[in-house]
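Have the structure open while you read.

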Amino acid sequence: MTPHIEASSGDYAETILLPGDPLRAKWIAETFLDDVKCVNRVRNCLGFTGSYKGVPISTQATGMGQPSTAIYVHELLNMFGAKTLVRVGTCGGLNTDVKLRDVIIAMTACTDSGMNRAHFAPFDFAPSADFGLVRKAVEIAEEKSIRHHVGPIFSSDVFYSPDGIATYQTLMDHGILGVEMETSTIFTLAARFGARALSICSMSDCIITETQISADERQQTLTQMIELALETVVADAS
Ligand code: HPA
C-alpha cells in the first residue's frame, strides 16, 4: 500500500499499461485481459491486473499531466516492482506527415515541465524509450499494417496555451511529431529505477489543421493501439 495505491505487494504485474483515463484502464482490462482483478480504487484512479495470452499484465490509470503521472509511476516502480511500462494515450499532431489516427511510437520526449529542470540542473536530461520495446512495437505495427511514425514528442504541462500553435513552432521546426502530457516523466522515472518504458500515442487531433477524430474513430483507434501495445509486450516476454 502506498499513499495513492491501496494494492498489496504482488498485486501488480511487472508489465503495466498506463492510460491517462481510469475508465480506459477498466475498458482495457475488461476487453483484453483474462482473470482480471481490480487492484486500485483510490481516488477512482483505477488499476487492474490480469493476463493477455498467458502473460501477466496490469493496467493503471495515471490521470492527466506529469505531476499526476509521476506519482503513480513512482509508486509502481518503487513499491510494486514494475519493470516494463507502456503509456497508451492520445496526442495532438504537430507534423503534417502524421495523419489523424496515425500512431506515434515515441523515441524521446522533451518537456516544458519544471520537474526535471529542478532535479538535473545544470544539465538537461534526455528522457528516452527503451530501444528493444520500440523495435518490437515497430515490427508489430508493420505486421498489422498500422500507420505509424517513430520520433520525438513533446510532453507539455499546458493543454490550453494562450499562444495557440505559436507555442509549438520551435519544436515543430526541430521535428517534434506530437504533443501530449505524460511521456517525459514516464521515461525519466523508468531510467531512475532501472526499468524500461515505451509510449504509444494515437493522434486524436491535429494542431496544424485544427481537425479531430470522431468518437467512433477514437474507439477504433484505441482498440488498434491497445492491441499493438499488448502484442508488443507479449512478443517482448517470449
Ligand atoms: N495537447 C496536449 N495533449 C494532448 C493533445 C493536445 O493537443 N491532444 C491529445 N493529448
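Start at Glu-210, which sits in the loop between β9 and β10; helices (H or I, at least four residues) and strands (E, at least two) are DSSP runs, numbered from the N terminus. Glu-210 isn't a glycine, yet its phi is positive, about 55°. With 71% relative accessibility, Glu-210 counts as exposed; the scale here is buried under 20% relative accessible area, exposed over 50%, and partly exposed in between (1.4 Å probe, protein chains only).

Ser-145 is another non-glycine residue with a positive phi, near 50°. Look for Ser-145 in the loop between α4 and β7 (148–155); its relative accessible area is 63%, so Ser-145 is exposed. There's also a cis peptide bond between Ala-121 and Pro-122, with omega at about 10°. Pro-122 belongs to the loop between α3 and α4 (131–143).

## Ground rules

This is a predicted model, so local features need pLDDT of at least 70 and side-chain atom pairs count only at pLDDT 80 or more, while totals for chains, interfaces and linings use all residues. Residues are numbered from 1 along each chain as its sequence is written, and side-chain values use heavy atoms, with hydrogens and water left out.

What is the volume of the largest pocket? About 710 Å³. On a 1 Å grid over the protein atoms alone, a pocket is an open set of points with protein on both sides within 12 Å along at least five of seven lines, a cavity is a set where a 1.4 Å probe fits but cannot get out, and lining residues have an atom within 4 Å of a point. Grid points are joined across faces, edges and corners, and a volume is the space filled by probe spheres set on the points.

The lining of the largest pocket runs to 29 residues, with Thr-90, Phe-159, Met-181, Ser-204 and Asp-205 nearest the centre. Two or more lining residues come from each of β5 (84–93), β8 (178–180), β9 (196–206) and β10 (211–212). β5 has the largest share of that lining, with six residues. Sorted by class, the lining of the largest pocket has 12 nonpolar, nine polar and eight charged residues; Ala, Val, Leu, Ile, Met, Phe, Trp, Tyr, Cys and Pro count as nonpolar, Asp, Glu, Lys and Arg as charged, and the others, Gly among them, as polar.

Gln-66, Thr-111, Ser-113, Met-115, Asn-116, Ser-184, Thr-185 and Thr-188 line the largest cavity. The lining of the largest cavity has seven polar residues, one nonpolar and no charged ones.

## Aromatic pairs

How many aromatic pairs does the structure hold? Five, where rings of Phe, Tyr and Trp (its six-membered ring) pair if their centres lie within 6.5 Å, and planes under 30 degrees apart count as stacked, over 60 as edge-to-face and the rest as tilted. Trp-27 and Phe-32 make an edge-to-face pair, 5.5 Å centre to centre with 85° between the planes. Trp-27 is partly exposed at 23% relative accessibility, whereas Phe-32 is buried at 12% relative accessible area.

Phe-159 and Tyr-160 are also edge-to-face, at 4.7 Å centre to centre and 75° between the planes. Both Phe-159 and Tyr-160 are exposed.

## Near the start of the chain

Thr-2 lies in the segment before β1 (15–18) and is buried, with a relative accessible area of 9%. Its side chain makes a polar contact of 2.4 Å with that of Glu-75; a polar contact is a pair of N or O atoms within 3.5 Å, and within protein one must be able to donate a hydrogen and the other to accept it, with residues adjacent in sequence counting only if both atoms are side-chain atoms. Setting aside neighbours within four places in sequence, Thr-2 is in contact (heavy atoms within 4.5 Å) with Glu-75, Met-79 and Phe-80.
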